[in-house]
Amino acid sequence: CIRDSINAEYGGPKQKKQTSLHKMESMETRTMRMNLQSMSKLGFILAFTLFFIFFIASVFIGALAGPDVIYSFPNRTIYHQDLEKANVIPVVNLIKLNQQLILEVDVEYIQSNIQSGQFDVYFELSIEARKDNRSKWQVLQSKKQNSRTLYCYASGRPNSPCESVWLAHLPFIGYSDYNFTISLINGTKNPSIGNMLVYIHVVNHQFTLFELWFRFTFLMLTFVVIILYSYKLRNFKWSDWTIEQKWVAVLLFGLLGYNNPFFPLEILVSGWFPVLLDQALLASFLFLLLLFWLVMFDGLWKEPSERTILKFYAPKILLMGLFWIAALVAGTWTVLQQLNDAGSRIYEISGYLFFKVFSLLVLIVYVFWLMYSICRGMNSTRSIPYLGLRLKFFGIFTLIVITITAGGILFGFVGPVSNNTAEFLSFLSLFNLYIYTLAFVYLPSKSGISGRRLDIGMIKLEEDEDENDRNMVKIDFSESREEYELEEFKNKGNDKFSIQDTPSPDDTKEVKLED
C-alpha cells in the first residue's frame with residue numbers, strides 16, 4: 001500500500017524499480033562479506049607471513065630433526081671371476097615399518113680405449129623369503145632373467161663405476177629375511193666389465209614412524225578446520241556461499257584423502273586393495289585441486305548465469321576426469337607390477353607408457369587453459385573492480401604454491417620415494433597450509449555474520465557504504481524489497497515526504513506522508 005501511494009502521488013516509475021530488484025536478485029557473488037574483503041594490508045602481510053613461517057618451519061624440522069629416509073646395508077662386492085656364479089645376498093631382520101626394499105648394483109667399467117660406453121647386460125635373479133628363523137624359505141621368484149642397459153663414462157681412471165641400476169624393487173615388506181641370488185649372464189666374457197657392487201636399500205623404520213605421526217597430525221588438524229569452517233558458516237544457506245567458500249569446503253574433504261587416513265593399511269597389508277585405495281585418494285585430491293584452480297580463475301570474472309553445468313563445469317570435469325583415470329591406472333599399475341615381478345621394468349610396458357604420455361598431454365592442455373583463464377581474469381578486474389581483490393589474492397597465493405610444486409617436480413623432489421625428510425614434510429605441509437589459509441581468508445567476516453538475513457541473500461553494497469548507511473530508511477517491512485525501493489526512491493531527490501517511527505504493541509511502523 002505504501003509503495004502504491006508513493007507511485008500514485010509522485011509518479012515513481014515501476015520499470016526502474018523492477019530493474020533495481022532484478023539487480024539485487026542477481027548479486028549472487030556479493031552475498032556475503034568475507035575476511036578477505038575486511039582485512040587490511042597488514043592483515044594480508046600477516047597471513048602470508050604466517051604461511052611462510054609454518055612452511056619454512058616444516059622444512060627445517062624435516063632437515064634438522066627428521067631421520068634419514070633410506071637405510072642402506074653394507075655393500076657386497078662380487079668379483080669379475082664370480083659374476084656368472086650364483087651369488088647369494090642375504091638381508092635379515094626386516095620389519096613392516098621398512099616399507100620397501102631396493103636392490104641396486106654398480107658395475108665397474110674397464111676403459112680399454114678410454115671411451116664412454118653403453119651396452120645391455122642380462123642378470124639372472126632369484127628371490128627367497130621367510131617369516132622368521134623357524135620358518136621355511138619360500139620362493140618368490142625363480143631364476144628370472146632381466147635385461148638392463150649400462151651407461152658408462154670415461155673418467156680417466158682405469159676402472160670407474162657405470163650408472164647404478166635397480167635390479168629389484170619390493171614395494172611391500174612381508175617377510176623378515178630375504179635371500180637374493182644374482183648372476184650376470186656372460187659377465188666374464190665381456191672385457192669392459194669389472195667387479196660388481198651390490199647395495200640393499202630399505203626405508204628407515206624411524207622415518208616411517210615420523211611419517212605416521214605427521215600424517216596423523218595434519219589429519220587431525222584438517223578435521224578441526226572442517227568443524228570450525230562448518231560452524232562459522234552454519235547460519236548461511238548453501239546458496240548464499242560464495243564460489244570460493246563452496247570450493248574450499250570441497251577441498252577440505254579432499255585434503256583428508258591427501259593426508260591418507262588409511263596409510264597404516266599400506267604398511268600392514270599386502271595386496272592390490274591398499275595400493276588402489278592410496279592411489280585413488282591421491283588422484284582424487286589432485287583432481288579436486290586442479291579443477292578448483294581452473295574453475296576459480298575461469299569463473300570469478302563470469303556472471304553466475306554463465307557458470308552452468310553443461311557449458312562451464314562439464315568441459316573442465318571431463319578434462320580432469322581423464323587425468324584422474326590416467327594417474328590412477330599408471331600409479332596402480334606400477335606397484336602391482338612390482339608386486340608380481342620385483343625385477344620388471346615398468347617403463348618397457350607399452351600400456352603403462354600410453355597412460356603416462358596421455359596424462360602428460362592432459363596436463364599440457366590444462367596448463368594452457370589455466371594460463372588463458374588467468375589472463376582473462378586479470379583483464380576483467382579492470383572493468384569489475386569488485387573482483388580485483390579476490391582475484392589478486394587468490395592468483396598471487398596460488399601461483400606461489402604452483403611454483404613451489406613445479407620446482408619440486410622438476411628437480412626430482414616429488415616422487416615415489418622421498419630423498420630426505422625435509423622434502424617429504426615440506427610437500428605434506430604445503431598443501432595443508434595452503435588450504436587452511438584459504439579457509440580462514442574466505443570465512444565470513446564479523447560484519448557479514450552480524451548483518452540481517454534477507455530472503456534474497458546477504459545484501460552488501462561495495463561502493464559508498466558510509467553514504468548509504470546515513471541515507472538508509474529504517475522501516476521494518478515483512479518483505480525486504482520494499483525497504484530497498486523506498487531507500488532508492490528517497491535517494492533520487494524526492495524529499496517531499498518523511499517517515500516517522502511510531503512503535504506499537506504489535507511491532508509495526510506507521511508511515512505518514514506530507515503533501
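What is the mean pLDDT of the chain, and what share of its residues reach 70 or more? I got a mean of 77, with 73% of residues at 70 or more; pLDDT is the predictor's confidence in each residue, from 0 to 100. This is a predicted model, where local features need pLDDT of at least 70 and side-chain atom pairs count only at 80 or more, while totals for chains, interfaces and linings use all residues. I number residues from 1 along each chain as its sequence is written, and side-chain values use heavy atoms, with hydrogens and water left out.

Next, I checked confidence by element (helices are DSSP runs of H or I, at least four residues; strands are runs of E, at least two; both numbered from the N terminus). Helix α2 (residues 14-25) is lowest, at a mean of 39, and helix α5 (residues 205-232) is highest, at 94. I also noted that pLDDT stays under 50 over residues 12-30 and over residues 449-482.

I found 1: Cys152 to Cys162, S to S 1.8 Å. Cys152 is in strand β6 (residues 138-152) and Cys162 in the loop between β7 (159-161) and β8 (165-170), so the pair ties together parts 10 residues apart in sequence. The S-S torsion is about 90 degrees, so this disulfide is right-handed.

Is Cys152 buried or exposed? Cys152 is buried, and so is Cys162 (buried is under 20% relative accessible area, exposed over 50%, partly exposed in between, with a 1.4 Å probe and protein chains only). Cys375 counts as partly exposed, at 48%.

Conventions:
Contact = heavy atoms within 4.5 Å. Disulfide = S-S within 2.5 Å.
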